[in-house]
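This briefing sets out the architecture of one protein chain, topic by topic. Please consult the sequence and the model alongside the text.

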Amino acid sequence: MTTTENVRNELKTLEDPTYREFHSSLIPGADNILGVRIPQLRTMAKEIAKKEDWRTFVEATDTLYYEETMLQGMVIGRAKMEPEERIKYIRLFVPRINNWAVCDIFSGELKTAARKGKETIWQFVQPYLESKEEYQLRFGIVMLFHYVDEEHIDSLLAYADRFTHGAYYARMAMAWMISICFIKFPDKTMKYLQQSRLDNWTYNKSLQKIIESLRVDKETKDIIRSMKRAG
């Protein structure tokens with residue numbers, strides 16, 4: 001029995017109908033969810049990444065379940081390989097992303113890769129930031145979360161001001177990124193917000209994300225609330 005078949009069988013033993021119903025409600029359009037929780041998937045991914053044939057599993061295109069795709073992304077982030085090979089597998093996987101959850105978990109699993117190959121991954125991500133595809137664009141933006149630092153903050157805010165995509169999950173990712181920028185670089189991000197050319201919806205959603213943060217004080221939140229645009 002192949003690793004892919006073994007993975008599918010193991011996932012079925014972890015199926016949770018109650019969690020499936022809850023999780024499905026958070027991911028519109030996903031109808032192939034078993035209901036396996038993320039910590040369980042991470043445990044499985046750790047074991048798959050140790051196997052000799054993890055590449056066969058990652059390359060498989062006959063996945064049936066949401067969790068199988070999620071696992072493929074997790075293994076790409078965890079398996080031992082050279083940076084060039086990881087980039088190859090990231091490029092292979094990104095077109096398979098068709099919901100925000102797979103996108104965000106996958107991007108999070110690439111944190112170590114982004115830290116070790118900072119500028120290589122930064123350059124690799126750039127074309128995705130111009131994608132017309134909603135989830136490829138979201139992938140690019142969520143990957144920028146690994147780059148909210150002194151070296152890249154100006155580039156992130158400059159990119160935000162060029163952002164014009166109308167897709168919901170891309171715009172939500174942009175709002176989320178701006179809120180992280182504000183938490184880490186409040187002065188620079190406040191200056192940006194005061195002259196931002198973002199569309200009103202994404203701008204206001206950015207303010208909302210900042211207000212929702214537990215790392216922003218009440219006085220600052222009151223100022224942010226006063227900056228909301230009409231419409």
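Domain bounds come from an automatic or database domain assignment. By that assignment, the chain is divided into domain 1 (1-116) and domain 2 (147-230). The model is predicted: local features need pLDDT of at least 70, side-chain atom pairs count only at pLDDT 80 or more, and totals for chains, interfaces and linings use all residues. Residues are numbered from 1 along each chain as its sequence is written, and side-chain values use heavy atoms, with hydrogens and water left out.

**Overall architecture**

- The chain contains 15 helices and 0 strands; these are DSSP runs numbered from the N terminus, helices being H or I with at least four residues and strands E with at least two.
- The radius of gyration is 19 Å, close to the 17 Å that the globule rule gives for 231 residues, so the chain is as compact as a globular protein of that length. The radius is taken over C-alpha atoms, and the rule is 2.2 Å times the number of residues to the power 0.38.
- Along its principal axes, the C-alpha trace spans about 60 × 40 × 30 Å.
- The centres of domain 1 and domain 2, taken over C-alpha atoms, are separated by 30 Å.
- Of the 231 residues, 53% are buried (buried means under 20% relative accessible area, exposed over 50%, partly exposed in between, with a 1.4 Å probe and protein chains only).
- Among contacts (heavy atoms within 4.5 Å) with a separation of 6 or more, 69% are between residues 24 or more positions apart.

**Helix H14 and its surroundings**

- H14 covers residues 200-212, and its 13 residues reach 18 Å from first C-alpha to last, close to the 18 Å expected at 1.5 Å a residue. The expected span is 1.5 Å times one less than the number of residues.
- Aspartate 199 caps the N-terminal end of H14, with a side-chain oxygen 3.2 Å from the backbone nitrogen of tryptophan 201. A polar contact is a pair of N or O atoms within 3.5 Å; within protein, one must be able to donate a hydrogen and the other to accept it, and residues adjacent in sequence count only if both atoms are side-chain atoms.
- The buried residues of H14 are Thr202, Tyr203, Asn204, Lys205, Ser206, Leu207 and Ile210. Their cover includes helix H12 (168-184), helix H13 (186-194) and helix H15 (218-226).

**Aspartate 161 and arginine 197**

- Aspartate 161 belongs to helix H11 (residues 153-162) and is buried, at 14% relative accessible area.
- Arginine 197 sits in the loop between H13 and H14 and is exposed, at 66%.
- A polar atom of the aspartate 161 side chain lies 2.7 Å from the backbone nitrogen of arginine 197.
- Leaving aside residues up to four places away in sequence, aspartate 161 touches Tyr192, Gln195, Ser196, Arg197 and Leu198.

**Cysteines**

- The structure holds 0 disulfides (a disulfide is a pair of cysteine sulfur atoms within 2.5 Å).
- The sulfur of cysteine 103 has that of cysteine 181 as its closest cysteine sulfur, and the 17 Å between them is too far for a bond.
- Cysteine 103 is buried, with a relative accessible area of 0%, and cysteine 181 also counts as buried at 0%.

**Glutamate 5**

- Glutamate 5 lies in helix H1 (residues 3-13) and counts as partly exposed, at 41% relative accessibility.
- The C-alpha atoms of glutamate 5 and phenylalanine 57 are 9.2 Å apart, while 52 residues separate them along the chain.
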